[in-house]
Amino acid sequence: MMISVSDILNASILIVDDQEANVGLLTELLSEAGYTNVVSTMKPQGVCALHRKNRYDLILLDLQMPGMDGFQVMDSLKTNEADSYLPVIVLTAQPGHKLRALQAGAKDFISKPFDLVEVKTRIHNMLEVRLLYRKLENYNAVLEQAVLERTAELRESEARYRSLAELASDWYWEQDENGAFTKVSGPVLEMLGIQVPPLLGEIGKALPAGWNEAERESLQSIIAARQPFLDFAFSRVNVDGSRQQFRVSGEPMFNRSSRFIGYRGIGVEMSAKK
């Protein structure tokens, strides 16, 4: 992530100083250095409103001004929730104010009287950091939007999967990590004549007569191992001697932290398809 020289020279800069001579000197200096977007004000009371409107990349702020000093200006700028980064370099002739200004949120300082090389260097460095910070903010916003869009796509895809699964099968189910069923769709009761939990082996439930115990135990072991299964065959013999055959397919589900959260799958009665 790089910042070009043109990006720096085109950055927006606000000069805040109650001394016209200082404003003129800084404006001329920045113009000669190639900066193209420099404005100024001698009214510190209006700085917060100006920054809310224009979101300056850099504010050169004099500390000693009548009516409202630089420290008060910085306090007012902190109320701008749209910009948590305070892009301020303070201008001061008081060595004792430098540390206080940094503690108040300023990112750097320039001493008075101005050393022209120091002014150019500190402004350039500050703008480079500021623009990198803003580019990172924009990148994070784009990334967050991409994640939201991808999440929506996955949810839509999952909804389509469920719809197709339901169309292609006699029933669809989901169960949580404890084996409790959270969703069952399809004519399970009518087709099997039993609740689904005993079919998949809920602990403590008695198995209705007619089911193949070996097949049931095999399916239980697959689910206990959290393995996917495809077209697992099992059957039951009804009281009238007729035989029903079924096939089920399922897969374990995991959340974003790779924690197991349950199973989902489909089932179909094969004997009814003949």
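A contact here means heavy atoms within 4.5 Å. Residues 198-207 also have a pLDDT below 50, with 22 contacts in the model beyond near neighbours in sequence. For the protein chain, the average pLDDT is 82, and 84% of the residues score at least 70.

Some ground rules before going on. This is a predicted model, where local features need pLDDT of at least 70 and side-chain atom pairs count only at pLDDT 80 or more, while totals for chains, interfaces and linings use all residues. Residues are numbered from 1 along each chain as its sequence is written, and side-chain values use heavy atoms, with hydrogens and water left out.

## The chain at a glance

The protein chain has nine helices and ten strands. These are DSSP runs numbered from the N terminus: helices are H or I with at least four residues, strands are E with at least two. Of the 274 residues in the chain, 39% are buried. Buried means under 20% relative accessible area, exposed means over 50%, and partly exposed is in between (1.4 Å probe, protein chains only).

The chain exposes about 15,400 Å², and carbon and sulfur atoms supply 53% of that. Accessible areas come from the Shrake-Rupley method with a 1.4 Å probe, and for residues only the protein chains shown count as cover. Take the contacts between residues at least 6 apart in sequence: 54% of them join residues at least 24 apart.

## A helix tucked inside

Helix α4 (residues 70-77) is largely enclosed by the rest of the structure, because six of its eight residues are buried. Those buried residues of α4 are Gly 70, Phe 71, Val 73, Met 74, Ser 76 and Leu 77. What covers them? The cover includes α3 (47-54), β3 (58-62), β4 (88-92) and α5 (95-103). At the start of α4, a side-chain oxygen of Asp 69 reaches to within 3.1 Å of the backbone nitrogen of Phe 71.

One of the covering elements, α3, holds His 51. His 51 counts as buried because its relative accessible area is 3%. A polar atom of the His 51 side chain lies 3.1 Å from the backbone nitrogen of Tyr 56. His 51 and Leu 14 are 37 residues apart in sequence, yet their C-alpha atoms are 8.7 Å apart in space.

## Lysine partners

Asp 62 sits in strand β3 and counts as buried, since its relative accessibility is 3%. The Asp 62 side chain makes a polar contact with the side chain of Lys 112 at 2.9 Å. A polar contact is a pair of N or O atoms within 3.5 Å; within protein, one must be able to donate a hydrogen and the other to accept it, and residues adjacent in sequence count only if both atoms are side-chain atoms. Not counting residues up to four places away in sequence, Asp 62 touches Val 16, Asp 17, Asp 18, Gly 70, Leu 91 and Lys 112.

Ser 111, in strand β5, is buried too, at 17% relative accessibility. Which side chain does the side chain of Ser 111 meet in a polar contact? That partner is Lys 98, 2.9 Å away. Leaving aside neighbours within four places in sequence, Ser 111 is in contact with Thr 92, Lys 98 and Glu 118.

Most residues other than glycine have a negative phi, and most peptide bonds are trans. Here, though, the peptide bond from Lys 112 to Pro 113 is cis, with omega near -5 degrees. Pro 113 lies in the loop between β5 (108-111) and α6.

Two non-glycine residues have a positive phi: Arg 226 at about 60 degrees and Asp 231 near 50 degrees. Arg 226 belongs to the loop between α9 (213-224) and β8 (229-237), and Asp 231 is in strand β8. Arg 226 is partly exposed at 45% relative accessibility, and Asp 231 is partly exposed at 43%.

## A nonpolar patch on the surface

Leu 136, Tyr 139, Leu 143 and Val 147 form a nonpolar surface patch, with about 360 Å² of accessible area together. Patches are made of residues with over 30% relative accessible area and no salt bridge; like charges are joined within 9 Å, and nonpolar side chains (Val, Leu, Ile, Met, Phe, Trp, Tyr) within 5 Å. A salt bridge is a side-chain nitrogen of Lys or Arg within 4 Å of a carboxyl oxygen of Asp or Glu. Leu 136 is in helix α6 (residues 116-168) and is partly exposed, with a relative accessible area of 40%.

Technical notes
pLDDT is the predictor's confidence in each residue, from 0 to 100.
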